[in-house]
Amino acid sequence: MQEKTPDFAELAREMARNGEQFEKFYAMLTENNAAFNLTAITEREEVIHKHFLDSLAGAAYLPAGGRIAEVGSGAGFPSVPLAIVRRDVSFTLIESTGKKCAFLRKVSEALGLNLTVVQMRAEEAGRDAAYREQFDAVIARAVAPLVPLCEYCLPLVKQGGRLIAWKGSEDETPGAVYAVKVLGGGNLRTVAYELPNGYGARRLVLADKVSHTPEKYPRGHGKERKDPIV
């Protein structure tokens, strides 16, 4: 199923309306990049297109007033750009690397964003009652191949919620249908799009949470990657 592609002209206008916050984030990203090992992309136009606009491609799929978790937050993509433009939702950022958590907390404080940073591995969060099946949506970008990513993310999504994964141009969904079903998901589909000005093809992968995730998932101990559900 193919859904409507992002309106990048409108997303660019939304960035302009929040220009001061995006400028602050860009400054913090470049100033702290070396110390925190945040991103290989630092040139302004590349950051705007490959990080900011790409992150905002999923803004329309966040449920109004929802509670959102991000798995593998890294430098804050897509969560920080989304938190800037979607003030109606709250974000819980799940990141295992301490120095990246420290950077994200600095950003949140400086920009006054509605986000909480949790230093934890995704598979640990998925088995913790405070996080398991507690979120209206779980988002992730550049974390893992789709099948293990689903095992990290879907246990955190409550019934009626959704997974939103930012992926490259390759469609990974045919190989993930079974895993999504096993993990309590359904209605797996993609949103393919082209970033403006020739910055590349991307796609969002979406799945709905239709039933509870079986208690055995996520398995942990690296099994999500070493022995993916296929």
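Is Phe77 buried or exposed? With a relative accessible area of 5%, Phe77 is buried, since the limit for that class is under 20%. The model described here is predicted.

## Phe77 and its surroundings

Ring pairs join Phe52 and Phe77 with Phe22 and Phe25 into a cluster.

Phe77 also takes part in a cis peptide bond: the bond from Phe77 to Pro78 has omega near 10 degrees. Pro78 lies in the loop that runs between strand S1 (67–71) and helix H4 (79–85).

## Nonpolar cores

Phe52 is one of the residues with the most contacts inside the largest nonpolar core, together with Val80, Phe91, Phe103 and Ile164. This core has 48 residues. Helix H2 (residues 19–36) supplies the largest share of the core, 6 residues. Another core, of 31 residues, lies apart from it; Ala69, Met120, Val147 and Leu149 are among its members.

Neighbours within four places in sequence aside, Ile164 is in contact with residues from several stretches of the chain. They are Tyr61 and Leu62, then Ala137, Val138, Ile139 and Ala140, and finally Leu204, Val205 and Leu206.

## Packing of H1 against H3

Phe52 also belongs to the contact between two helices. Helix H1 (residues 8–17) packs with helix H3 (residues 44–56) at an angle of about 100 degrees, and their axes are 10 Å apart. H1 and H3 are therefore roughly perpendicular to each other. On the H1 side the contact is made by Phe8, Leu11, Ala12 and Met15; on the H3 side, by Ile48, Phe52, Leu53 and Leu56. Sorted by class, the contact has 8 nonpolar residues, no polar ones and no charged ones.

## Aromatic pairs

The structure holds 6 aromatic pairs. In one of them, Phe8 and Tyr193 have ring centres 5.7 Å apart and planes at 50 degrees, so the pair is tilted. Phe8 is in helix H1 and Tyr193 in strand S6, so the pair ties together parts 185 residues apart in sequence. Phe8 and Tyr193 are both buried.

## Lys4 and Val191

Lys4 sits in the segment before H1. Its relative accessible area is 71%, so Lys4 is exposed. When neighbours within four places in sequence are left aside, Lys4 is in contact with Tyr61 and Val191. Lys4 and Val191 are 187 residues apart along the chain, and their C-alpha atoms are separated by 6.9 Å.

## Backbone features

A cis peptide bond also joins Tyr217 and Pro218, with omega about -5 degrees. Pro218 is in the loop between strand S7 (201–209) and helix H9 (223–226). The loop between S7 and H9 is also the place of His221. His221 is not a glycine, yet has a positive phi of about 55 degrees. At 71% relative accessibility, His221 counts as exposed.

Asn187, likewise a residue other than glycine, has a positive phi near 55 degrees. Asn187 is found in strand S6 (residues 185–194). Its relative accessibility is 41%, so Asn187 counts as partly exposed.

Technical notes:
Residues numbered from 1 in each chain as written. Predicted model: local features only at pLDDT ≥ 70, side-chain atom pairs only at ≥ 80, totals over all residues. Heavy atoms only, no water. Core = buried A, V, L, I, M, F, W, Y, C linked by side-chain atoms within 4.5 Å. Buried < 20%, exposed > 50% of the residue type's maximum accessible area, 1.4 Å probe, protein only. Helix = DSSP H or I, 4+ residues; strand = E, 2+ residues; numbered from the N terminus. Contact = heavy atoms within 4.5 Å. Axes fitted to C-alpha atoms, helices over the stretch in contact; angles between N-to-C directions. Parallel < 35°, antiparallel > 145°, perpendicular 65-115°, else oblique. Nonpolar A, V, L, I, M, F, W, Y, C, P; charged D, E, K, R; others polar. Phe/Tyr/Trp six-rings, centres within 6.5 Å; stacked < 30°, edge-to-face > 60°.
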